[in-house]
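Please look over the sequence and the 3D structure shown here before reading on. The paragraphs that follow go through the two chains and the places where they touch.

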Amino acid sequence: MNLFANAIHGIPLWWFLVLASALFCIGLYGVLGRKNAIAMLMGVELMLNAVNINLLAFWRYIAPNSATGTAFAAFIFVIAAAEAAVGLGLIISVYRSMQSIDPETLDQLKL
Amino acid sequence: MTLQQLIFLGLAAVIVLAALFVVSTRNLFRAALMLVVSFFGIAGLYVLLDAGFFAVAQVLVYIGAISILIIFGVMLTRGMQGMEPRNTQAVGGAVVAAIIFGVLVLLLGPFHVTINNREFGNIAWNFAKDATGNAPAVADTYIASLGVALVDVNQFALPFELASVMILLVMIGAIWVARERKVAEVQADRRDILAEEREEEASIEAAKAGASSTGVPAVPAAPGLPETAIAHGAGGHGEH
């Protein structure tokens, strides 16, 4: 098993993939284990960045002349930004109403 | 150990350590700043992947916009800082994250894994190679081809247009959701919701009284709303 097969400048693809997996799982713990809704949002942003690293690594190593990889990554940038905006708007609105953004206590669909 | 390998290891260390700080600290403002550090590390990683455009886009969008939004959010929800960072299911969350990380490393790592006659791992990918058997260099015009692909009707014009519609919806939605509401409006909404709940409870009681004795379990009463806290909070905002 050649650990450095298909390396570009000495970096094999699996280095990027393992890093992206680690970042994704750290973000997953951030979403599952935090008591503040904004901290959960930070975990979500980490997960989205991990996915982007994964995509661009695959684009670079497998199909660097195709526009599909870069287009996919560009759309993820857009969607992450939009989702962060809406999420923070919701969090601020909930904080104004309930004076709390602890997701464990916000379990009713009322103001 | 080539220079690129060293740079990758350094950036990876920065990214992972900053991310660990983000998900484990009690101080939300510091978490937001370390999130910015992590994003800078990821931008450096994109430069290493010969995708310089995305490095700049990462800095502009994530650090320049999303991180600023998060810091605004942290500042506007000041009363919620300084609490215990972990919630009641944090241990389970950590276990789940560790299991998923193990599975992902097994599938994406340098191991040769065969499941049901399908190969996973570094060996299974079909790597691009040019005539000399090396990975091809990224063309200088890769951004021009991305631009063409985004407006080409046969490629990504439709998702591009849908993304712009979505951004418009997001702007309108965020403004509407986070709008300042007068105290009277919030209290009127609450009265409506309470009235609806009382109607529901009354109809459930009527159905139970009219139903045969089949042991329908009792519906627990809905808890009352913190009217006084909201009036105080919304009144404070309404005065400005």
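A residue is called buried if 20 or more other C-beta atoms lie within 10 Å of its own, exposed if 12 or fewer do, and partly exposed in between, with the C-beta atoms placed from the backbone. This is a predicted model, in which local features need pLDDT of at least 70 and side-chain atom pairs count only at pLDDT 80 or more, while totals for chains, interfaces and linings use all residues. Residues are numbered from 1 along each chain as its sequence is written, and chains are lettered from A and ligands numbered from 1 in the order in which they are written.

Asn117(B) counts as exposed because it has 5 C-beta neighbours inside 10 Å. Asn117(B) sits in the loop between β1 (113-115) and β2 (118-120) of chain B, and its phi is positive, about 65°, although Asn117(B) is not a glycine. Helices (H or I, at least four residues) and strands (E, at least two) are DSSP runs, numbered from the N terminus.

Chain B as a whole contains 8 helices and 2 strands. Along the sequence their order is α-α-α-α-β-β-α-α-α-α. Of the 240 residues in chain B, 18% are buried. Two residues are in contact if their C-beta atoms, placed from the backbone, lie within 7 Å. Among contacts in chain B between residues at least 6 apart in sequence, those joining residues at least 24 apart make up 46%.

Helix α4 of chain B covers residues 90-108. Its 19 residues reach 26 Å from the first C-alpha to the last, close to the 27 Å expected at 1.5 Å a residue; the expected span is 1.5 Å times one less than the number of residues. Which residues of α4(B) are buried? They are Gly93(B), Ala97(B) and Leu108(B). These cover an arc of only 35° around the axis, so they lie on the same side of α4(B); the arc is that of the directions from the helix axis to the C-beta atoms. An α-helix has 3.6 residues a turn, so residues three or four places apart point the same way. The face of α4(B) turned away from the buried side carries exposed residues, including Val91(B), Val95(B) and Ile99(B). What covers the buried residues of α4(B) includes α1 of chain A.

The two chains touch elsewhere too, through their α1 helices. The axes of α1(A) (residues 13-33) and α1(B) (residues 3-24) come within 9 Å and cross at roughly 10°. The two helices are therefore roughly parallel, a term for angles under 35 degrees. Axes are lines fitted to C-alpha atoms, for helices over the stretch in contact, and angles run from 0 to 180 degrees between N-to-C directions. Among the residues that meet are Trp15(A), Leu19(A) and Tyr29(A) in α1(A), and Phe8(B), Ile15(B) and Leu20(B) in α1(B). The residues of this contact divide into 14 nonpolar, 1 polar and no charged. Ala, Val, Leu, Ile, Met, Phe, Trp, Tyr, Cys and Pro count as nonpolar, Asp, Glu, Lys and Arg as charged, and the others, Gly among them, as polar.

Over the whole interface, 74 residues of chain A are in contact with 89 residues of chain B. The largest share of chain A's side, 23 residues, comes from α3(A). That side divides into 51 nonpolar, 16 polar and 7 charged residues.

Technical notes:
Parallel < 35°, antiparallel > 145°, perpendicular 65-115°, else oblique.
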